[in-house]
Amino acid sequence: MTGRQNTRISACLSRFRRVGSWANRKVTHWGSGFHRVSSYVVLARKWRPSQFSDIVGQGHIVRTLMNAIRSERVHHAYLLTGSRGIGKTSIARIFAKALRCADSTWSSEGYLKSCDQCSSCREIAGTTSVDVQEIDGASNNGVDEIREIRENAKFLPASGSRKIYIIDEVHMLTTAAFNALLKTLEEPPPHVLFLFATTEPHKIPSTILSRCQRFDLKRVTTTQIQSRLTEILNAEGVPFEPAALALIARAAEGGMRDSLSILDQVLAYSSEKITALAVRESIGLINSQAVLGILRSIFSRDPKAALEVVERAYSEGHDLRVLTRTLIEYLHAALISKVGGPLPSSLEISESEWEELREIARLRPIEEIEMIFQVLHHGIDWVARASQPRVVLDVLVIKCATAKQLVFTGHSA
């Protein structure tokens, strides 16, 4: 090797050392100086369930999977279905961890707990296990990827007794990929377990469905979300108003992960205390008085006044789909009040506002309120998809405000 080549190699090594040193400092530019990058972990990751006992709202599935392990009746393929953020992938990870952990124990509450200390538990938690592979079905949906899985499945696991494949959004696989997977599902090696997760089970071929044990996860109730958020905020040492957590739970629409993302956003907006006002302002929830104002105008058959309230909400930057959904929730409560029922637990309003809503509901017969509910319920997707949602909502409000004439027209026809 020539002296010139040695000089070039030395220069390159020196340059790499400088780059590595710079990268290891993990700095970011801010203003006139440099500050270290924050190591903050978002709540959805920090508080992601790691044990069966941490799963919220899916007790029937947790019990079945734990009993399968206890009785050694573990199926070779499981399908977890349900909407986003309700625990499908978390349950798959926890199940895989419990199956492979040699030191799993049963708690006094009846939950199977993995040790979280052995190499298998740590590797699964860090998604580095060679025997528990998580695969994104959306980006690995071709037949070649599935053939690779099929070939690798023949080999025994590097450690433990099981090799586990977790395929998320499995409905994204192509038809050819499903066909390639079918034979392995039909006659799997005794050491292989498949865990599928999907939000759209209707897109999975029936030949695949028939070879899986299917579990349909439920949406998490607002009460369960509030309870979990209470535990988290108490552990984080953040004061809060119960009404604020009720608003977050409603906005999450049954998704535990969504509720934690919303909570993170609210914490960034108001780090001292989580209040109902802070929640409304940070995520754009509609003030209850604005909703009651729209309903009072509609029920009073005053479309002009209702449109003025919609205009104010629109000019303040509120999401009109959220406004429409909130109107539907209040109409649901109004219908319940018409039959003498109590305030729904999912609707967080004060006693005076509940009395005001009951008073508004007296302005219309129950049949007209039902029709208004149907108009807005069928129209919410229209509002969401429209290029001009304001125009659509205006039309819906006018239609609802003239409901009496529409009912009479329908009878005369």
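So, Glu 134: at 33% relative accessibility, this residue counts as partly exposed. Keep in mind that what we're looking at is a predicted model. What does Glu 134 pair up with? The partner is Arg 93, and the two form a salt bridge whose closest N and O atoms sit 2.5 Å apart. The pair links distant parts of the chain, with Glu 134 in strand 6, residues 132-136, and Arg 93 over in helix 4, residues 88-100.

The side chain of Lys 97 meets that of Asp 116 in a salt bridge, 2.8 Å from N to O.

Now compare sequence and space: Gln 117 and Asp 103 are 14 residues apart in sequence, and their C-alpha atoms are 9.0 Å apart.

Okay, one more from helix 4, and that's Arg 100. Arg 100 counts as buried, at 10% relative accessibility. What does the side chain of Arg 100 join up with? There's a polar contact of 3.3 Å between the side chains of Arg 100 and Ser 120. If you set aside the neighbours within four places in sequence, Arg 100 is in contact with a list of residues including Ile 124, Asp 131, Val 132 and Pro 157. Ser 159, Gly 160, Arg 162 and Ile 164 are also among the contacts of Arg 100.

Let's go back to salt bridges, but with a pair inside one helix. Arg 228 and Glu 231 have side chains that meet in a salt bridge, at 3.1 Å from N to O. Why are these two separated by about one helical turn? Because they're 3 residues apart in helix 9, residues 222-236. Arg 228 is buried, with a relative accessible area of 13%, while Glu 231 counts as partly exposed at 45%. There's also a network of salt bridges, and that one links Arg 296, Glu 356 and Glu 359. How many salt bridges does the count come to? The answer is 22.

Glu 72 has a positive phi of about 60 degrees, although Glu 72 is not a glycine. You'll find Glu 72 in the loop between helix 3, 59-70, and strand 3, 77-81. Glu 72 is exposed, with a relative accessible area of 71%. Arg 301 is also not a glycine, and has a positive phi of about 60 degrees. Arg 301 sits in the loop between helix 13, 288-299, and helix 14, 303-315. At 32% relative accessibility, Arg 301 counts as partly exposed.

On to pockets. The largest pocket has a volume of about 430 Å³. Which residues lie nearest its centre? Those are Gly 85, Ile 86, Gly 87, Ser 90 and Arg 257, out of 23 residues that line the pocket. Helix 4 turns up again here: helix 2, which is 43-46, helix 4, and helix 11, which is 256-269, each supply at least two residues of the lining.

Last, let's zoom out to the whole protein. There are 19 helices and 9 strands. Of the 413 residues, 42% are buried. The accessible surface is about 22,100 Å², and carbon and sulfur atoms account for 51% of that. And if you take the contacts with a separation of 6 or more, 73% of them are between residues 24 or more positions apart.

Definitions and conventions: Residues numbered from 1 in each chain as written. Predicted model: local features only at pLDDT ≥ 70, side-chain atom pairs only at ≥ 80, totals over all residues. Heavy atoms only, no water. Salt bridge = Lys/Arg side-chain N within 4 Å of Asp/Glu carboxyl O. Helix = DSSP H or I, 4+ residues; strand = E, 2+ residues; numbered from the N terminus. Buried < 20%, exposed > 50% of the residue type's maximum accessible area, 1.4 Å probe, protein only. Polar contact = N/O pair within 3.5 Å; in protein donor to acceptor, adjacent residues only side chain to side chain. Contact = heavy atoms within 4.5 Å. Areas by Shrake-Rupley, 256 points an atom, 1.4 Å probe, with all protein chains shown as cover. 1 Å grid on protein atoms, 1.4 Å probe; cavity = no way out; pocket = protein on both sides within 12 Å on 5 of 7 lines; lining within 4 Å. Points joined across faces, edges and corners; volume = space filled by probe spheres on them.
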